[in-house]
Amino acid sequence: MSRLIEVFCRTVETIAAILLGIVMLLVVVSTFGRYALAMPVPDSFDISRYLLGACVMWGFAVIGLRGGHIQVDIIADLVGPRARRWIDTFAWALLLLFIALIAWKMLGRVQSAMRTNESTFELRLAAWPFLGVIWLGAAASVVTVSVKLLRIITGRELVDSADDRELEEASHGER
């Protein structure tokens, strides 16, 4: 099971990296075209904002499994391992609720764009495929956060504090 999850996470990371690369390339080419040639890439604003939203959601899916997000450990560092697990369970359950709501609302947004034939401004590209990629990232986030929560509940994984992780990385020469 963990091998499958690792492959899933690597796939999610790859998709997020490709999307970010496309956004960067689009912005650079459009900026160069606009200022050097007086010919920006048509719809570069619309496409880049859709792809940036997709980057955020797919990146969030990676964070859901890797746990590399901002943490405030003031209370968690003061309690024992058992209370810490309860705090982590509550926090990740709340995060799961939050991302599930985002995925649900994003699905509604995709369906709305399909029904209304929403399109980009200049090229009139259908908006729903771009929104669908964002929704897929949100759905992947639901999966990764669920897996992380399950690992915490079953005790197979404890969320270590940011300080502990930094000390561990420093001792191995990774920082």
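Mentor: Before we start, a residue is called buried when its relative accessible area is under 20%. Keep in mind that this is a predicted model.

Trainee: Fine. Which residues of α1 are buried?

Mentor: Ile5, Cys9, Val12, Ala16, Leu19, Val23, Leu26, Ser30 and Gly33.

Trainee: Why would residues three or four places apart point the same way in an α-helix?

Mentor: An α-helix has 3.6 residues a turn, so residues at that spacing point the same way.

Trainee: And what do the buried residues of α1 pack against?

Mentor: They pack against α2, residues 44-66, and α4, residues 128-153.

Trainee: How far does α1 reach?

Mentor: Helix α1 covers residues 2-36, and from its first C-alpha to its last it reaches 50 Å. That is close to the 51 Å expected for its 35 residues at 1.5 Å a residue.

Trainee: What follows α1?

Mentor: Ala38 follows, and its phi is positive, near 60°.

Trainee: Let's step back. How many helices and strands are there in the protein?

Mentor: The protein has five helices and zero strands. From the N terminus, the order is simply α-α-α-α-α.

Trainee: What share of the protein is buried?

Mentor: Of its 175 residues, 33% are buried.

Trainee: Which members of the largest nonpolar core touch the most other members?

Mentor: That core has 30 residues, and the ones with the most such neighbours are Val12, Leu19, Leu51, Trp58, Trp92, Leu131 and Ile134. At least two core residues come from each of α1, α2, α3 (81-116) and α4.

Trainee: Which helix gives the most to this core?

Mentor: α2 does, with nine residues.

Trainee: Back to Leu19. What is Leu19 in contact with, leaving aside neighbours within four places in sequence?

Mentor: Leu51, Ala54, Cys55, Trp58 and Val133.

Trainee: Among contacts between residues at least 6 apart in sequence, what share joins residues at least 24 apart?

Mentor: For the protein, that share is 75%.

Trainee: Which residues make the nonpolar surface patch of about 590 Å²?

Mentor: Phe90, Leu94, Leu97, Leu101 and Trp104. Leu94 is located in helix α3.

Key: Residues are numbered from 1 along each chain as its sequence is written. This is a predicted model: local features need pLDDT of at least 70, side-chain atom pairs count only at pLDDT 80 or more; totals for chains, interfaces and linings use all residues. Side-chain values use heavy atoms; hydrogens and water are left out. Helices (H or I, at least four residues) and strands (E, at least two) are DSSP runs, numbered from the N terminus. The expected span of a helix is 1.5 Å times one less than its number of residues. Buried means under 20% relative accessible area, exposed over 50%, partly exposed in between (1.4 Å probe, protein chains only). Contact means heavy atoms within 4.5 Å. A nonpolar core is a set of buried Ala, Val, Leu, Ile, Met, Phe, Trp, Tyr and Cys residues joined through side-chain atoms within 4.5 Å. Patches are made of residues with over 30% relative accessible area and no salt bridge: like charges are joined within 9 Å, nonpolar side chains (Val, Leu, Ile, Met, Phe, Trp, Tyr) within 5 Å. Accessible areas come from the Shrake-Rupley method with a 1.4 Å probe; for residues, only the protein chains shown count as cover. A salt bridge is a side-chain nitrogen of Lys or Arg within 4 Å of a carboxyl oxygen of Asp or Glu.
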